[in-house]
Amino acid sequence: GSADAAGQPDWVTAFVQRKEERDMVDRLKEEQIRRKKREDRLEKIRQNVQLKYAAKRKRCEEDEAKRLLQLSKEALSQGAGEGALDQLDHNEEELILAEYESDDEKKVVSGLEEDDDDDLEEEHVTKIYYCSRTHSQLSQFVREVQKSPFGKDTRLVSLGSRQNLCVNEEVRRLGALQLINDRCMEMQKNKHEKKSNEENEGKKRRVSRVVCPFYSYEQMQFLRDEVLVEVKDIEQLVSLGRETKACPYYGSRFAIPAAQLVVLPYQMLLHEPTRNAAGIKLKDQVVIIDEAHNLIDTITCIHSAEVSGSQLCCAHSQLSQYMERYRKRLKAKNLMYIKQILYLLEKFVAVLGGNVNQNPGSQAVSQTGTILKSINDFLFQSQIDNINLFKVQRYCEKSLISRKLFGFVERYGGPASAVKTNKENQKLAGLQDFLLTLQQGSDKEGTPQSPPVEAEHDQLRTASPLMQIEGFLSALTNANQDGRVILNRQGTVGQSSLKFLLLNPAVHFAKVVEECRAVIIAGGTMQPVADFREQLLCCAGVDPARIVEFSCGHVIPPENILPIILCSGPSNQQLEFTYQTRDLPQMMDETGRILCNLCNVIPGGVVCFFPSYEYEKQVYGHWEKTGLLSRLAARKKIFQEPKKANQVEQVLVEYAKCIKRCSQTGGQMTGALLLSVVGGKMSEGINFSDDLGRCVIMVGMPYPNIKSPELQEKMTWLDKTMPRAGGQAPSRVLIENLCMKAVNQSIGRAIRHQKDFASIVLLDHRYARPAIFNKLPQWIRERTQVKPAFGSAFAELRKFHRGKLDAL
């Protein structure tokens with residue numbers, strides 16, 4: 001027979017080709033059978049309504065049996081005083097670390113996964129992972145899916161944090177996310193231990209306290225089926241969990257393999273350990289990241305970590321007490337690693353200029369200030385470069401030491417300062433404090449004797465501080481060039497901190513991009529997009545040919561928007577709000593005059609954005625003195641954005657009420673003026689639709705604080721690693737992009753639906769520079785008018801709003 005170019009006879013080539021075709025057909029047949037099985041199972045669930053009631057009845061019977069068993073146990077144990085004492089000691093067993101075999105031990109498979117049937121594991125169908133920033137945005141998306149024509153046939157599962165999905169009231173009451181996670185894991189672990197120890201253990205255990213009643217494999221399988229049959233958002237998932245006595249947090253994870261659409265928050269997808277823990281497999285799947293304008297910042301935040309001096313000292317104190325108490329019970333390997341962790345903590349505090357054995361709140365720091373170090377320099381300066389952090393990190397993960405420590409502190413937890421007191425008194429005091437915190441109920445503010453320093457860290461301190469420190473240790477295992485360590489020395493050692501700053505987000509995003517079939521990065525206002533292309537995708541090694549950009553216009557007709565760049569005010573004062581000029585009285589007066597004029601012709605609500613809280617406060621104070629504020633208040637009621645998040649809702653409700661009242665009653669007062677801050681609570685995620693925002697005014701350009709050490713380090717890193725674009729240094733481009741992203745987010749608040757209309761006024765002549773102007777979204781840029789003088793701008797605005805009012 002003839003031979004081809006590779007020297008193979010024709011019949012061999014034909015045979016290989018036929019074999020490949022046969023294999024392909026077999027694979028497709030297998031896939032078809034699997035799919036058929038899956039569809040049959042779902043169909044069976046849909047039709048078998050009786051199953052639901054049978055399960056409910058069975059559950060009631062089980063609960064009744066459990067209750068009777070508990071009553072009989074209580075009857076038996078009455079009068080056994082010394083038995084109760086013995087039990088307390090026995091319960092302490094769960095605090096002792098299990099023997100740590102070796103660094104390369106096999107992963108322990110939890111009992112749940114062992115029970116799992118094999119074909120479920122490989123059953124990951126092609127799916128879309130849709131993630132967004134907040135749970136409310138995800139719920140909004142799920143509601144849209146429910147309304148769509150595909151709502152009936154789509155298998156959708158919503159994932160969330162324990163804080164959002166936990167249905168165990170005892171755990172929910174703990175409040176802080178870290179505490180909820182710790183307690184949940186502890187209960188789950190006890191469930192598995194109980195399984196294996198039931199046969200050979202005759203002693204009593206406090207089952208009702210340590211095992212979660214919702215963590216039932218059968219019930220969670222039932223919940224999984226319910227979730228796959230009908231689209232449910234997080235609220236519906238939680239109520240289903242309560243009704244079926246099944247954990248929505250774990251039950252929803254069981255549904256991932258068979259789901260076609262998985263809805264989840266950013267962190268779950270972008271943080272690899274969380275992704276793996278949830279059983280999310282990205283191979284050949286589609287990922288949509290919505291609201292992605294902050295994607296780079298989000299990845300940087302998720303992988304950066306900060307620990308305060310007080311947390312380090314507190315962890316050292318807790319861990320030394322733990323080691324002292326259980327020294328005789330701990331195996332040599334455990335002791336060795338605990339000593340290594342104690343040594344690390346000691347060195348970290350020393351780097352901050354303190355001593356772990358003294359109260360961090362009363363140790364003054366001699367050299368205050370902020371220093372940046374590369375990872376290697378930091379390890380060297382701390383004298384910990386001889387410790388293998390990868391091994392320590394693996395030990396922390398496997399041994400669950402922070403959870404054991406949390407249980408220990410919860411039982412004997414006195415204040416962190418009581419390090420070297422008499423053992424018995426300390427134990428007693430700790431127990432009394434713990435009882436006191438229980439009496440105080442759910443508003444756990446830390447132990448009663450804890451000093452009132454760092455009130456905002458109270459929640460973190462009630463959880464095991466070692467958990468925070470593990471995050472910092474894990475961050476130190478990044479490559480030297482990808483991050484920096486910031487030593488922030490302030491006043492006392494307790495107030496000082498160590499922070500790891502990730503400089504290269506692409507290293508953590510690369511895995512997502514490599515594994516997925518497609519990644520869609522989407523958002524309402526994504527301009528400028530060069531950041532995503534260069535800092536995220538190209539740095540992650542994505543082939544430029546694979547990157548496709550798509551931008552579409554807005555739903556509103558072009559005549560519904562009037563953007564104006566204003567270069568000077570009514571008294572011809574040039575508008576340039578730089579750090580040097582914005583504090584001048586004439587600049588603040590000119591801003592007030594512009595607002596007074598605009599409020600005369602603009603109906604409804606006007607939202608005015610300032611670059612920072614400090615500047616807004618300064619301008620407000622100046623207007624009060626000069627009487628401009630009372631002139632403004634005659635036309636619009638003035639509201640200020642609150643600094644506290646819990647007051648935002650109240651201010652918005654009052655603002656909306658005022659506008660509605662003015663539009664109904666008429667009179668001299670035409671609406672309200674809301675003074676807001678770029679990057680604050682009002683500049684993202686809040687809709688000023690219709691009368692709530694008929695005009696958005698941007699005072700100056702909200703450039704970030706260039707003196708911040710984090711930003712300076714990022715700029716230096718970009719200049720070293722990124723190519724120059726269009727003759728501009730990458731650091732300069734970064735500053736402009738950060739500014740314009742903030743501007744675009746803020747001005748987009750006013751146009752929220754097809755029939756909405758609004759004017760946008762940018763107060764600063766620098767907006768007219770081509771480099772800046774081109775970074776406005778296209779739908780705004782196309783309509784923008786640059787006005788050198790105030791007169792013509794005022795005339796345009798009056799004409800625009802009069803025309804719109806007549807049309808209404």
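Leaving aside neighbours within four places in sequence, E590 is in contact (heavy atoms within 4.5 Å) with G569, P570, S571, N572, Q573 and L575. This glutamate sits in helix α27, residues 585-601; helices here are DSSP runs of H or I with at least four residues, strands are E runs of at least two, and both are numbered from the N terminus. E590 counts as buried because its relative accessibility is 0%, where buried means under 20% relative accessible area, exposed over 50%, and partly exposed in between, with a 1.4 Å probe and protein chains only.

A word on the ground rules: this is a predicted model, in which local features need pLDDT of at least 70 and side-chain atom pairs count only at pLDDT 80 or more, while totals for chains, interfaces and linings use all residues. Residues are numbered from 1 along each chain as its sequence is written, and side-chain values use heavy atoms, with hydrogens and water left out.

Let's turn to the sheet. Its 4 strands form an open, antiparallel arrangement in the order β5-β8-β7-β6; two strands pair if DSSP finds at least two bridges between them. β5 (305-308) and β6 (369-374) stand at the edges with a single partner strand each, so one side of each has no neighbour in the sheet. On average, neighbouring strands are turned by 15° against each other, direction ignored. Inside the sheet, β7 (residues 483-490) and β8 (residues 492-502) run antiparallel and are joined by 7 bridges; R484, for instance, has L501 in β8 as its bridge partner. Across β6, β7 and β8 lies helix α31 (residues 709-721), at about 30° to β6. Axes are lines fitted to C-alpha atoms, for helices over the stretch in contact, and angles run from 0 to 180 degrees between N-to-C directions.

Now for some helix packing. α16 (residues 295-302) and α26 (residues 530-538) pack at about 35°, their axes 10 Å apart. From α16, L295, I296 and I299 meet D531, F532, Q535 and L536 of α26. Helix α24 (residues 465-475) is mostly covered, with 8 of its 11 residues buried, among them M467, E470 and F472.

Finally, the cysteines. How many disulfides does a search of the whole structure find? The count is 0, a disulfide being a pair of cysteine sulfur atoms within 2.5 Å. For C314, the nearest cysteine sulfur is that of C313, 8.7 Å away. C314 is buried, at 7% relative accessible area, whereas C301 is exposed, at 59%.
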